[in-house]
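Please look through the structure below before reading on.

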There are 2 protein chains.
Amino acid sequence: MTTAGRRRRTRGADDPNSGQRDDRKRRTRRALLDAALELLEGERSFSSLSLREVTRVGGITPAGFYRHFAGMEELGHALIEDSFESLHQMMRDARKAGLPPAHMIRASVTTFLDHVQAHRSHFRFIAKERYSGSSVLRIAIRKEIRLWVGEVAVDLSRFPFLQRFNSDDLQMLAGMMVNIVVAATELLLDAEQTDADAIQRIYKNAEKQMRLLMLGASLWDGGRSSVPE
Amino acid sequence: MTTAGRRRRTRGADDPNSGQRDDRKRRTRRALLDAALELLEGERSFSSLSLREVTRVGGITPAGFYRHFAGMEELGHALIEDSFESLHQMMRDARKAGLPPAHMIRASVTTFLDHVQAHRSHFRFIAKERYSGSSVLRIAIRKEIRLWVGEVAVDLSRFPFLQRFNSDDLQMLAGMMVNIVVAATELLLDAEQTDADAIQRIYKNAEKQMRLLMLGASLWDGGRSSVPE
DNA sequence: CATGTTAGTCAACAGTCGTTTACTGATTTT
DNA sequence: AAAATCAGTAAACGACTGTTGACTAACATG
């Protein structure tokens, strides 16, 4: 009921959102999002953040918060959108750049983990909320991950040696690959940013896990073959 | 008659902890732990629980809490210990019962996931705190998982076809197996307990992932072989 | 320029929070 | 039987919480 504006703002026909006032609003909104991310850098979890804390760090008064979000949950949702938006952007770019012929696995792992490091705070937020947030946020995150797995499955389907995979098995394989990089992400977020060795090890380990997985995939017959036990 | 009813309870000789008072204290302590688990059944995360809430559900006054724990973090630590204690007990039992010759993978997956379902609240707590709790709790959980991976690696080392795995690769393989069941655990905790179909699907999927992994392992040469890309 | 819009402020509200202090009364020890 | 222990209570504290309504002043519109 707050959005029922009777007066239509006839802002410039060509430039819908560019008054100084809208600019300022956007900056403040960003400040609030950044404040939340900053508070999450430490030990805190999103659900333990208070609205007042966020406004304090963001530089406005508590009441001002409501000019931007209906409550903390809405802010959380905005953070999820931001995070996955940049992930999808990254994947679009990577796809456009074309797949390198060899070292395919290493390139993918490196691209993704580099992206994680460039957006640590976003991924830290996602990692924390994935299992612990409100069900609304958890479901939103899960949806995004499912989407992501789907994209990977499509990419995989173009490999000749995976042609015999049916759709379910392809989804499963993509899911396992995503799980590998997600697990690596979580190690990466815990590693000291300065510890280049530890970081290198995480990259190498993820690549190795991928290779082991692909080795299994190259022989896969739908799970009917027996394996030494 | 006065002499007949004389009680000598010089705790320390034969019966260190069994007065009615100690009994009561233990019951209250359990009530607090259970109260926390109960509150965690819903949307809440541990870090958002208040001490007062826990005592309210547990049936004592806030001040009484301090007779049992120095603060909420200590209670969290006790929950972690409880959870992994029962997991280790289960693995000890399973090992003692001996490994079934065939259907090894299915048996292991089933045993573990059954255990998860029998201790949903514990595992829900662990899942929520794994990435989102205080660093003390996170580190404690991580330590326990590393321990667990180690145990699995030892179990794996007894398989003939894994003899050529060096120690690092064995740890990696064990880690991937644990990751598979952990991922399945998290799906299981989100599934409706009454939805037998969904649960069945989660079991089957985890088994399938294990088989794919073992297939890769059976050909593994340390990651030097190239895979179709 | 006059008028409306609105991002952000200010002050107050009713609650909840963790923690402390002094206490009570049942159980244990001597 | 007296004395000591101690799990749990009762009340109070200062601090912090989300949300509100009335406000101000910079901006936008006509």
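Axes here are lines fitted to C-alpha atoms, for helices over the stretch in contact, and the angles between N-to-C directions run from 0 to 180 degrees. Helices themselves are DSSP runs (H or I, at least four residues), numbered from the N terminus.

This is a predicted model, in which local features need pLDDT of at least 70 and side-chain atom pairs count only at pLDDT 80 or more, while totals for chains, interfaces and linings use all residues. Residues are numbered from 1 along each chain as its sequence is written, and chains are lettered from A and ligands numbered from 1 in the order in which they are written.

Where α1(B) meets α2(B), the residues on the α1(B) side are B:A31, B:L32, B:A35, B:A36, B:E38 and B:L39, and those on the α2(B) side are B:E53, B:V54, B:V57 and B:G58; two residues are in contact if their C-beta atoms, placed from the backbone, lie within 7 Å. Sorted by class, this contact has seven nonpolar, one polar and two charged residues, where Ala, Val, Leu, Ile, Met, Phe, Trp, Tyr, Cys and Pro count as nonpolar, Asp, Glu, Lys and Arg as charged, and the others, Gly among them, as polar.

| Helix pair | Angle between axes | Axis distance |
|---|---|---|
| α4(B) and α7(B) | about 40° | 10 Å |
| α7(A) and α8(A) | roughly 165° | within 10 Å |

Helix α4 (residues 104-118) of chain B packs against helix α7 (residues 167-190) of chain B at an angle of about 40°, and that makes α4(B) oblique to α7(B). Among the residues that meet here are B:F112 and B:L113 in α4(B) and B:V181 and B:L188 in α7(B), and the contact has seven nonpolar, two polar and no charged residues.

How many residues of chain A are in contact with chain B? There are 36 of them, in contact with 36 residues of chain B, and the elements that give two or more residues to this side of chain A are α5 (120-132), α7 (167-190) and α8 (196-219) of chain A. The most comes from α8(A), with twelve residues.

Chain A can be laid on chain B with an RMSD of 0.1 Å by a turn of 180° and a shift of 0.0 Å along the axis, which is the relation of a two-fold axis; the copies are superposed by least squares on the C-alpha atoms of residues with pLDDT of at least 70 in both.

Around DNA strand D there are 23 residues, of which A:G19, A:S50, A:A63, B:T28 and B:A63 come nearest; a residue is near a strand if its C-beta atom, placed from the backbone, lies within 6 Å of it.

Key. Angles under 35 degrees count as roughly parallel, over 145 as roughly antiparallel, 65 to 115 as roughly perpendicular and the rest as oblique.
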